[in-house]
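Subject: Structure handover

Hello,

Here is the structure we discussed. Please open it alongside these notes.

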Amino acid sequence: MGCATLDLVGAASLKLNTNTHFLRSPKPFLSFVGPIRSRNLNGPSLTFLTCHAHKSRPSVSLRAQSTSAAPAPEEERVVVLVIGGGGREHALCYALKRSPSCDAIFCAPGNPGISNSGDATCISDLDISDSSAVISFCRKWDVGLVVVGPEAPLVAGLVNDLLKAGIHAFGPSSEAAALEGSKNFMKSLCDKYGIPTAEYQTFTDPSAAKQYIQKQGVPIVVKADGLAAGKGVIVAMTLDEAFEAVDSMLVKGSFGSAGCRVIVEEYLEGEEASFFALVDGENAIPLESAQDHKRVGDGDTGPNTGGMGAYSPAPILTKELQDLVMKSIIYPTVKGMSAEGCKFVGVLYAGLMIEKKSGLPKLIEYNVRFGDPECQVSIQTPSRYVNI
């Protein structure tokens, strides 16, 4: 496969299906450059993705184009606002700053590392949960693109509000972000469109959940339905652990509204990996793979976290497995979301289990944005293999 590069106003360059990490070198605003061999939902094609800074809502499309086409005119320089305050957002600011298409970068709320590095101007007092405040800031400072890092603002509808206000934004609508915002929604989509995933049942009644667990046996997985910062998954090796997880979520309310419904899921044995794809609502292009260390303790022990470290690419995701993931998981998801009337646009991050018994991938979960820490280790820096 040839290579392609993606830029969010320039520097977030993503190498596709190569051994090189993504988010690398500066290129034009949201443009794939050079021929890339990819597949749309109906089969192979030679495609380019372009999304330029127009005054109206951005039009993102994957379309066939001759490799001998004349060069695109010089892009206008835009002011970018990155939403979030973690390592992922620092990585995005680091990459965006190196874009020739980027005029200035703000990050809200940002963090001291971003501020001290000079990669962006941090706006610590901007309430990113208040869409009207974000829109007012964008208008005041002539922001041309908003890149949303974390999942919560996406699920809350920040992109919906920005687009309605005529402000370009990178990320899915709240309707499409339900792929991450509700595990029950994601599992139901898998059922309807034949996407391979673990067997499961959804519960709001703790007694019914425990009866199901007793019937299925252990090990078994208990998940909070909503957003829980990567901590709402309990891999229970005993019945007591499983029952405690159910009580914690449904009785004690440990995860608030995110845990008012739980998914009890088949335990899959194998190796976990993450796979990223760029989606324009109808088509998808594979980006890169990664693996993170979920458990809090050394030797892969203790509770799950949002990620204790990461590396990219994931050796287990061979070219053949990546093709299978696109065919059996990514493409059916994109088609299914479109059929359901909530087209997905943005980065689709599939959490996968490569099953030990079959060697085949199954979908564990979806994230609807760049991962953290995965985004950090994908930057081309001397420490890119280490989560910093």
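Some ground rules. This is a predicted model: local features need pLDDT of at least 70, side-chain atom pairs count only at pLDDT 80 or more, and totals for chains, interfaces and linings use all residues. Residues are numbered from 1 along each chain as its sequence is written, and side-chain values use heavy atoms, with hydrogens and water left out.

K362 lies in strand β19 (residues 361-367). Strands (E, at least two residues) and helices (H or I, at least four) are DSSP runs, numbered from the N terminus. K362 counts as buried because its relative accessibility is 19%; buried means under 20% relative accessible area, with a 1.4 Å probe and protein chains only.

Now the cores. A nonpolar core is a set of buried Ala, Val, Leu, Ile, Met, Phe, Trp, Tyr and Cys residues joined through side-chain atoms within 4.5 Å. The largest has 52 residues; L81, V146 and Y366 are among those with the most contacts inside it. Helix α10 (residues 319-339) gives the most to this core, with 8 residues. A second, separate core of 23 residues includes L96 and V347.

Best wishes

How values were computed
Buried < 20%, exposed > 50% of the residue type's maximum accessible area, 1.4 Å probe, protein only.
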